[in-house]
Amino acid sequence: MQIEGLIPAIVQDVHTGRVLMLAYVNQKSYDFMLKHGETCFWSRSRGALWHKGATSGNVQKIHAMAFDCDGDTLLIQVEQTGTGACHTGSFSCFGAETGAFYALERVYDQIAARQANPQEKSYTNYLLAQGLDKICKKVGEEATEVVLAAKNNDAAELASEITDLAYHLLVLMFTHGLTVQHLQAELNARHQVKGNLKTANERGEF
């Protein structure tokens, strides 16, 4: 498709659907993206191409692109690398995360923070110090508690026990270098969550 002048481009996280930023695209930047598979915009202030992440390292790897029904707005689904999309250091230019996985990400980040900066009487530090066998034992115990709560037909108790299990699973994931993003990607792959966009790879564009 040919682009006349500048059109807005909405950049979206391919895993969560979170809007990361808005920028502008012309034919030159669009052609660059088709060729290289990374986002590139037209900087109105500099009057030049802006390859996102070329200097910061926060490259956006394109998974899919689609024009809207009028052909005057471009949606780009990406895998965001580095610290995020925003020049302020935030992952998104639109503020704090509000997606479905946000609470899990916050807990995971706290686990990582406890590892980096241990605190006295921290249960997380206790688990990490005890090692894999203890963590696996706790996962098993919490899974049993989930089953018992389900058998008791107590929704509030069940929610509480599932939350306890989720925390211990996050600790287990952390010890193996797995992140919430790995979980998101696996769920998306299993259920083929791609939205209504064909990936650029499927179209043979890059």
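Colleague: In which strand does Val25 lie?

Modeller: Val25 belongs to strand β2. Helices (H or I, at least four residues) and strands (E, at least two) are DSSP runs, numbered from the N terminus. The structure is a predicted model, in which local features need pLDDT of at least 70 and side-chain atom pairs count only at pLDDT 80 or more, while totals for chains, interfaces and linings use all residues. Residues are numbered from 1 along each chain as its sequence is written, and side-chain values use heavy atoms, with hydrogens and water left out.

Colleague: Is Val25 buried or exposed?

Modeller: A residue is called buried under 20% relative accessible area, exposed over 50%, and partly exposed in between (1.4 Å probe, protein chains only). Val25 has 0% relative accessibility, so it counts as buried.

Colleague: Which residues does Val25 touch, not counting residues up to four places away in sequence?

Modeller: Contact means heavy atoms within 4.5 Å. Under that exclusion, Val25 touches Ile3, Gly5, Leu6, Ile7, Ala9, Tyr30, Met33, Cys40, Phe41 and Leu74. A separation along the chain is a further matter: Val25 and Gly53 are 28 residues apart in sequence, and their C-alpha atoms are 16 Å apart in space.

Colleague: How many residues has the largest nonpolar core?

Modeller: In soluble globular proteins, nonpolar side chains tend to be buried together. A nonpolar core is a set of buried Ala, Val, Leu, Ile, Met, Phe, Trp, Tyr and Cys residues joined through side-chain atoms within 4.5 Å. The largest one here has 19 residues, and those with the most contacts inside it are Val25, Tyr30, Met33, Phe41, Met65, Leu74 and Ile76. Two or more residues come from each of β1 (7-13), β2 (19-25), α1 (27-36), β3 (40-43), β5 (60-67) and β6 (74-80). The most is given by β2, with four residues.

Colleague: With which residues is Leu74 in contact, leaving aside its neighbours within four places in sequence?

Modeller: Leu74 is in contact with Ile7, Pro8, Ala9, Ile10, Val25, Tyr30, Met33, Met65, Ala66 and Phe67. Another core, of 11 residues, lies apart from the largest one; among its members are Tyr108, Leu128, Ile135 and Met173.

Colleague: Where is the place of Leu128, and which residues does it touch?

Modeller: Leu128 is found in helix α3. At 17% relative accessibility, this residue counts as buried. Beyond four places in sequence, Leu128 touches Ile111, Gln115, Val171, Phe174 and Thr175. Of these, Thr175 is 47 residues away from Leu128 in sequence and 7.8 Å away in space, C-alpha to C-alpha.

Colleague: What is the relative accessible area of Leu183?

Modeller: Leu183 has 33%, so it is partly exposed. The residue sits in helix α6 (residues 180-191). Apart from neighbours within four places in sequence, Leu183 is in contact with Phe101 and Met173.

Colleague: How many helices and strands has the chain, and what is its radius of gyration?

Modeller: The chain has six helices and six strands, which run β-β-α-β-β-β-β-α-α-α-α-α from the N terminus on. The radius of gyration is taken over C-alpha atoms, and the globule rule is 2.2 Å times the number of residues to the power 0.38. A compact globule of 206 residues would have a value near 17 Å, but this chain has 21 Å. Its C-alpha trace spans about 60 × 40 × 25 Å along the principal axes.

Colleague: Which percentage of the residues is buried?

Modeller: Buried residues make up 36% of the 206 residues in the chain. Among contacts between residues at least 6 apart in sequence, 52% join residues at least 24 apart.
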